[in-house]
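Please keep the sequence and the 3D view open while reading.

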Amino acid sequence: MEEMDLAGLTWSEETVTEISLPAGLPYVKPVVFNRPQESAVGADWLWWWLDLSSGVCFGMLVQAKRVKGGAGKWTVDVSHGGGVQRESLMAVADLFEVPAVYCVYMGGPSLREGMGCTHGGVVPCQGCTRMAITLMPALSLPLSRTKLQLFDLTVAEGVPLEDLGDTARPAGVVKDVNFRQLAEGSELRAFLTEEQRGPSEIAKQIFRSVSIRRANQKSAAVAERLQIVGEQVFLDLPGDRGHFGVPYFPHVLRGLRMNPPNYVRDLLAGMSVPSEVSEAVAGVVLIAM
Ligand SMILES: [Zn+2]
């Protein structure tokens, strides 16, 4: 991104994705589906973080977005197609029972020149560098906000991709606005307060970002609990929607499972997957932890 910007050239999110993927080999295994050119399917990827010994895994549907604009006017735009693209992202996330996440390409120092360090350091600190690829839950980037605001939210609340697998940067204690409603001694309470590992920690970092967004909205309303039926780790969750439009606990934590879904098992075994999967997303990224 930086090389292109310095040369005055334009880069696209698809290209950055393709260049970034092999950097994770052999821990990251991308499976790209061949689709007809005229396919109307979005370029969304399913990412699955896998603990192959326990079976615990966390999935998310990821759509690449690039930051646009320049000095003081950086934007993140999720309104493509009048919001149809975002709607489709949320629908596919529902289909696969995972959270929707934007992978925001923030560019390098030249694109962000004049922004300053938001980490209490000096540009470019490690945080500034790691910000280049930042994950931001789609729930936290609504169409109702301006593109400038969405950029600011991403800077403040996004999770740098490099931090996700970094044991030196754990999510820590998540004091969610619904925390008091969680039963003492419950597994969900332990998840939010105790150290997590592997896919559970990834889920916690994504949840933490949404939880921070929720804390910035109006006060908590007592909502009914929701029961999930499936192989998810958490089956009984607060139903609070905040301003998100959907209950945010289930939206994120449905991605955390005791065992991988069948199509992920098929891919791990080197088998092909049903067309319902290969036609709905551009590919699957398997990340062994
Ligand atoms: Zn910094």
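What follows describes a predicted model, taken topic by topic.

## The zinc site

Four residues hold the zinc ion: Cys 117, Cys 125 and Cys 128 through their SG atoms, and His 119 through ND1. Along the sequence, the donor residues follow the spacing C-x1-H-x5-C-x2-C. The angles among the four donor atoms are 99 to 117°, and the site is tetrahedral. For comparison, the ideal angle for four tetrahedral donors is 109.5 degrees.

Cys 125 has a relative accessibility of 19% and counts as buried, because the cut-off for buried is under 20%.

## Salt bridges

Side chains of opposite charge can pair when their charged atoms come close. The model has eleven salt bridges. One of them pairs Asp 163 with Arg 130, with the closest N and O atoms 2.5 Å apart. This pair links distant parts of the chain: Asp 163 belongs to helix α6 (residues 161–164) and Arg 130 to helix α4 (residues 126–130), 33 residues apart. Asp 163 is buried, at 8% relative accessibility, and Arg 130 is buried too, at 13%.

Another salt bridge joins the side chains of Arg 213 and Glu 157, at 2.7 Å from N to O.

Elsewhere, salt bridges with shared partners connect Arg 130, Asp 163, Asp 166 and Arg 169 into one network.

## Helices α5 and α8

The buried residues of α5 are Leu 150, Phe 151, Leu 153, Thr 154, Val 155 and Glu 157. What do the buried residues of α5 pack against? They pack against the strands β4 (100–105), β5 (133–137) and β6 (159–160), and against α8.

Helix α8 is mostly covered, with 14 of its 18 residues buried. Its length can be checked against its residue count: at 1.5 Å a residue, the 18 residues should span 26 Å, and the end C-alpha atoms of α8 are 26 Å apart, so the two values agree.

## The nonpolar core and residues around it

The largest nonpolar core contains 83 residues. Those with the most contacts inside this core are Leu 46, Trp 47, Trp 48, Phe 58, Met 60, Phe 96 and Leu 253. Leaving out residues up to four places away in sequence, Phe 96 touches Leu 46, Tyr 263, Glu 276, Val 277, Ala 280 and Val 281.

Gln 63 sits in strand β3 (residues 57–66). Is Gln 63 buried or exposed? At 5% relative accessibility, Gln 63 is buried. Apart from its neighbours within four places in sequence, Gln 63 is in contact with Asp 44, Gln 85, Leu 89, Val 101, Tyr 102 and Cys 103. Between Gln 63 and Leu 182 the C-alpha to C-alpha distance is 32 Å, and these two residues are 119 residues apart in sequence.

## Backbone details

Most residues other than glycine have a negative phi, and most peptide bonds are trans. Some places in this model depart from that pattern. A cis peptide bond lies between Leu 25 and Pro 26, with omega about 0°. Pro 26 is in the loop between α2 (13–20) and β1 (28–32). Val 123 and Pro 124 are also joined by a cis peptide bond, with omega about -10°, and Pro 124 is in the loop between β4 and α4.

Glu 97 has a positive phi, near 55°, although Glu 97 is not a glycine. Glu 97 lies in the loop between α3 (84–96) and β4. With a relative accessible area of 35%, Glu 97 is partly exposed.

Notes:
Residues are numbered from 1 along each chain as its sequence is written. This is a predicted model: local features need pLDDT of at least 70, side-chain atom pairs count only at pLDDT 80 or more; totals for chains, interfaces and linings use all residues. Side-chain values use heavy atoms; hydrogens and water are left out. Donors are N, O and S atoms within 2.8 Å of the metal (3.2 Å for Na, K and Ca); water is not among the atoms, so sites may look incomplete. Four donors count as tetrahedral if all angles lie between 85 and 135 degrees; four count as square planar and six as octahedral if opposite donors are over 155 degrees apart and all others between 65 and 115; anything else is irregular. Buried means under 20% relative accessible area, exposed over 50%, partly exposed in between (1.4 Å probe, protein chains only). A salt bridge is a side-chain nitrogen of Lys or Arg within 4 Å of a carboxyl oxygen of Asp or Glu. Helices (H or I, at least four residues) and strands (E, at least two) are DSSP runs, numbered from the N terminus. Contact means heavy atoms within 4.5 Å. The expected span of a helix is 1.5 Å times one less than its number of residues. A nonpolar core is a set of buried Ala, Val, Leu, Ile, Met, Phe, Trp, Tyr and Cys residues joined through side-chain atoms within 4.5 Å.
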